[in-house]
Amino acid sequence: MSGDGRHTVPLDVHLLAVRDGAEGVEVLLSRRAGPVYAAGMWHAPSGHVDGSHEDVVTALVRETREETGLVVDPLDVGAALTVHHRPPGGRARAGFFFEVRRWDGTPQIREPDKCDAMGWFPFVALPEPMVAYCRAGLDAYRSGARIALHFLEPGDPIAYDPAADRLRLLPAPSRTYQ
């Protein structure tokens with residue numbers, strides 16, 4: 001082992017609630033508000049795994065209910081992709097993005113101290129400003145990638161900027177084994 005200890009990272013979960021809309025496939029997004037990271041920017045409903053007692057699907061179901069009021073059956077949660085990310089000047093983290101196409105309820109703002117708007121947006125017309133990490137995940141999802149890297153450098157913007165896009169999609173294996 002190199003270094004002075006085992007490297008650990010926070011585990012993030014991101015809801016990709018998707019539905020068919022008039023302009024194509026839409027995704028549910030919320031605008032961050034209050035004394036939180038990236039206030040004023042759009043992001044997918046998300047949160048963290050709360051501890052070793054909680055797996056990523058359980059965390060997603062819990063965070064979805066807490067933030068949006070939607071009730072999701074764990075069996076309706078599909079793996080979309082994983083993004084290994086580092087914010088500008090921050091520590092690396094791993095984000096698990098999950099696709100959900102079925103739920104009970106109507107999305108609503110359940111944490112007004114952390115979110116001041118919520119809505120459905122076509123993938124072809126995403127709102128701005130958007131957190132670069134979330135936009136990287138949405139772009140990777142739309143491309144069909146399963147794993148992506150998104151390591152920002154100190155001085156990079158928190159908001160998505162196409163001129164400073166650092167998304168790197170990892171290719172799938174070139175063959176399968178029987």
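The paragraphs that follow take up the strands, then the cores, then the aromatic rings.

This is a predicted model, in which local features need pLDDT of at least 70 and side-chain atom pairs count only at pLDDT 80 or more, whereas totals for chains, interfaces and linings use all residues. Residues are numbered from 1 along each chain as its sequence is written, and side-chain values use heavy atoms, with hydrogens and water left out.

Helices (H or I, at least four residues) and strands (E, at least two) are DSSP runs numbered from the N terminus, and two strands pair if DSSP finds at least two bridges between them. Strand E5 pairs with E6 in the antiparallel sense over 8 bridges, and E5 also pairs in the parallel sense with strand E8 (residues 147-151), over 5 bridges.

A nonpolar core is a set of buried Ala, Val, Leu, Ile, Met, Phe, Trp, Tyr and Cys residues joined through side-chain atoms within 4.5 Å, where buried means under 20% relative accessible area, exposed over 50% and partly exposed in between (1.4 Å probe, protein chains only). The largest such core has 26 residues, of which Val27, Leu29, Leu81 and Leu138 touch the most other members. Two or more residues come from each of strands E1 (11-21), E2 (24-32), E5 (77-86) and E7 (115-122) and from helix H2 (132-143), with H2 giving the most, 5 residues. Leaving aside residues up to four places away in sequence, Leu138 touches Leu16, Val27, Leu29, Phe123, Leu126 and Met130, a contact being heavy atoms within 4.5 Å. A second, separate core of 16 residues includes Leu60, Phe98, Val100 and Trp103.

Rings of Phe, Tyr and Trp (its six-membered ring) pair if their centres lie within 6.5 Å, and planes under 30 degrees apart count as stacked, over 60 as edge-to-face and the rest as tilted; by this rule there are 5 aromatic pairs. Among them, Phe96 and Phe98 are stacked, at 6.5 Å centre to centre and 15 degrees between the planes. Phe96 counts as partly exposed because its relative accessibility is 22%, whereas Phe98 is buried at 6%. Trp103 and Trp120 have ring centres 5.6 Å apart and planes at 20 degrees, so this pair is stacked too. The tryptophan pair links distant parts of the chain, 17 residues apart, with Trp103 in the loop between strand E6 (93-100) and E7, and Trp120 in strand E7.
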